[in-house]
Amino acid sequence: MSAANPSPSPLLLRGGRLIDPASGHDGPADLLLRDGLVAEVGAGLQAGDAEPVDCDGLVVSPGFVDLHVHLREPGREDAETIETGSRAAALGGYTAICPMPNTDPVADNAGVVEMVAARGREVGLVDVFPVGAVTLGQRGEELAELGAMAHSAARVDCFSDDGHPIREARLLRLALDYAQAFDAVIADHAEDASLTDGAQMHEGEVSAILGLQGWPAAAEEMVVARDLLLAELTGGRLHLCHLSTAGSVTLVRAAKARGVQVTAEAAPHHFSLTDEAARSFDPVYKVNPPLRSKADVEAIREGLADGTIDAIATDHAPHAREDKEVEWASAPPGMLGLETALALTVTELVEPGWLRLDQAVERLAAGPARCRRLPGHGGPVVAGAPANLTVFDPAAAWTVEGPKLASRARNTPYHGRQVRGRVVHTLLRGDFTVRGGKAVR
Amino acid sequence: MKEHLLSAADLDAGDITRILDTAAHLAKVTDRAIKKVPTLRGRTVCNLFFEDSTRTRISFELAAKRLSADVINFTAKGSSVSKGESLKDTAITLQAMGVDAIVIRHGASGAPWRLAEWVDAVVVNAGDGTHEHPTQALLDLYTMRQHFPTFAGLRVAIVGDVLHSRVARSNVLALHTMGAEVTLVAPPTLLPARVETWGAAVSYDLDAALPKQDVVMMLRMQLERQRAGFFPSLREYARLYGLDARRLEAMPEHAIVMHPGPMNRGVEIAAEVADSIERSVIADQVANGISVRMALLYLLLGGPAVREARALPAAVAEGSAL
């Protein structure tokens, strides 16, 4: 039973700037929404029976798509639930999110992915596309039943052992091969565990002075290189999670140039924060892969600008307060991201001139939807398409306040930070999930 | 000085000089028949030790007691208080009990920084993980100053497991603040990434480095480093980086040998070197540790009047506060 309104009343989004990378449109346009669909796109549309929504000065875009979130349900509902995570997503402008399988129990079977998908539908604030585990228990030993998950009601089309790298090259090869039977993507977390056992932060000048064990960039890059070679060998669909180093960007750029079927994502914290943040010893800055050097941050920005990196994905990782209020080495990695992604994209990428606003929308919406081939998301925003839309004010200045976030957890590294770019409305199939910056439920 | 002592980097040259000068005055207390002054009467110092370190704890305990502070020892190792969650609970407990200073030793780098966020008490870092051990650096500098007139241009070699050494990190910071020239000597596997940014010279060759040094500080080699593969065997380590009698001969005649203890005799330091009456100042380091820690507690806890930088040396010299 969906909480969403089955037949939302018609709306006219009037006077906004429509940025729709999938159709190449960037300019003023009114949008008439009816029966959950875009009914008409054009200039000077008449409202008729539709409720007019003033979008003057605002950007209307396809709803954002997050390829990488952790909703913690089932297992750690004290940190986040599908409901609270969905609300955070809607407030962040998202209409689709892909929760990772590292729950308890692990989403390595049809039962768990169906539960997550069903609960997502029930909450109804955002489309939830669960990611299944590649291997049983994410242990990296034997393949999970990818077919059962693909053919389940959840229709899983992406598998990942996120958080755990797939150590055995042979196993990844088999996964990349086998997943082709279901046209599914394998999303890998690139980390050579033999180089990162006990690692606490990026290996470099800061880790050396802080006496925290380093996570060298090479540990990511060697696995990225391996994965790219295996994608080439198998012809399978490879997606690389949360690239964080300059070397990774270089490797993916070269692979794309030679035609390897690969997509990649980067997280806002990897283009907005550096390892310098660890000097506070506050584990709110602990994340995996870790915050890197300034040169890496710039390379991620360049990779997003030239399309080497297809998608901005938050790696939204809520953690209960008691889990983060500890010494650095005892804290789990991860930080919140859903409600701050747009603002960081605008503040850190668009305003300094790394990306144009239309490119930013592409990386937040069309790009990620393309990586997963998600139906009905990422545009094009044309007559007949589902009305999954985000309306945002790229100039609105606001201050991030951890306690005010909708997420159940509070582990945002941006608390107190001044940013620009704020979601005003989010619409899922023509129905407001966020209106005037507030979640509808 | 800041209100806590977390890192040797918190101290400028004036702070370090003031601490060492104060320690020199307070050392006289130790020479008295009654080794106690009433300076910190009514103040409470908690030694919060999450790692075993009897010598450091006793040194802090004696320092506090000689200043007449009340001392409580909270040894968390082995109790349920060894997980991170409880550091905050412990902090809240100590806060509620109204302790004035917490001396913390912890296995996790940065733990004193977390503690300082949760308590109003003065926090003194007595060693955090593989990060820092600032009071060790201060007592090392105090010991060097007993032998050399100035730190400017003083040549100090720090030899051994720099990668995992909190003693090395704090010493490099404090020695550079005071104008000394530090050379780090270690196998490449036991030097941290980007060590060149520390401003110290780096050498893999102990024999080449020794003749140029005024001070040779040997670091403790923890036996598990060999098991983790940082070097092939203790025998090879001792052969390449151990300070034995032959190498002692290669040092300038005026050069001294230091070690933060506890020593692995026969690994990083040969027994005849450790026990050398002419060259080894290792026992002095232990004695000086008490004076330096007295000075620190005095400066941090002595109240706003004595914490005033200018007032201090005079007050101590006149013995008014003592």
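Strands, as I use the word here, are DSSP runs of E with at least two residues, numbered from the N terminus. I am working on a predicted model, so every value below is computed.

**Entry 1, backbone of chain A.** I began with the loop between β17 (418-428) and β18 (431-435) of chain A, where I found Arg429(A). Arg429(A) is not a glycine, yet its phi is positive, about 50°. Is Arg429(A) buried or exposed? I count Arg429(A) as buried because it has 23 C-beta neighbours inside 10 Å, and the cut-off for that is 20 or more.

I located Arg72(A) in the loop between β6 (64-69) and α1 (82-91) of chain A. Arg72(A) is buried too, with 28 other C-beta atoms within 10 Å. A reminder to myself: most residues other than glycine have a negative phi, and most peptide bonds are trans.

I checked omega from Asp104(A) to Pro105(A) and found a cis peptide bond, with omega near 5°. Pro105(A) sits in the loop between β7 (94-99) and α2 (110-123) of chain A. Gly379(A) and Pro380(A) are joined by a cis bond as well, with omega about 0°. I placed Pro380(A) in the loop between α13 (357-372) and β16 (389-399) of chain A.

Chain B splits into domain 1 (8-132 + 285-318) and domain 2 (147-280). Their contact takes 14 residues from domain 1 of chain B and 10 residues from domain 2 of chain B.

Notes
Residues are numbered from 1 along each chain as its sequence is written. Chains are lettered from A and ligands numbered from 1 in the order in which they are written. This is a predicted model: local features need pLDDT of at least 70, side-chain atom pairs count only at pLDDT 80 or more; totals for chains, interfaces and linings use all residues. Domain bounds come from an automatic or database domain assignment. Two residues are in contact if their C-beta atoms, placed from the backbone, lie within 7 Å. Helices (H or I, at least four residues) and strands (E, at least two) are DSSP runs, numbered from the N terminus. A residue is buried if 20 or more other C-beta atoms lie within 10 Å of its own, exposed if 12 or fewer, and partly exposed in between; C-beta atoms are placed from the backbone.
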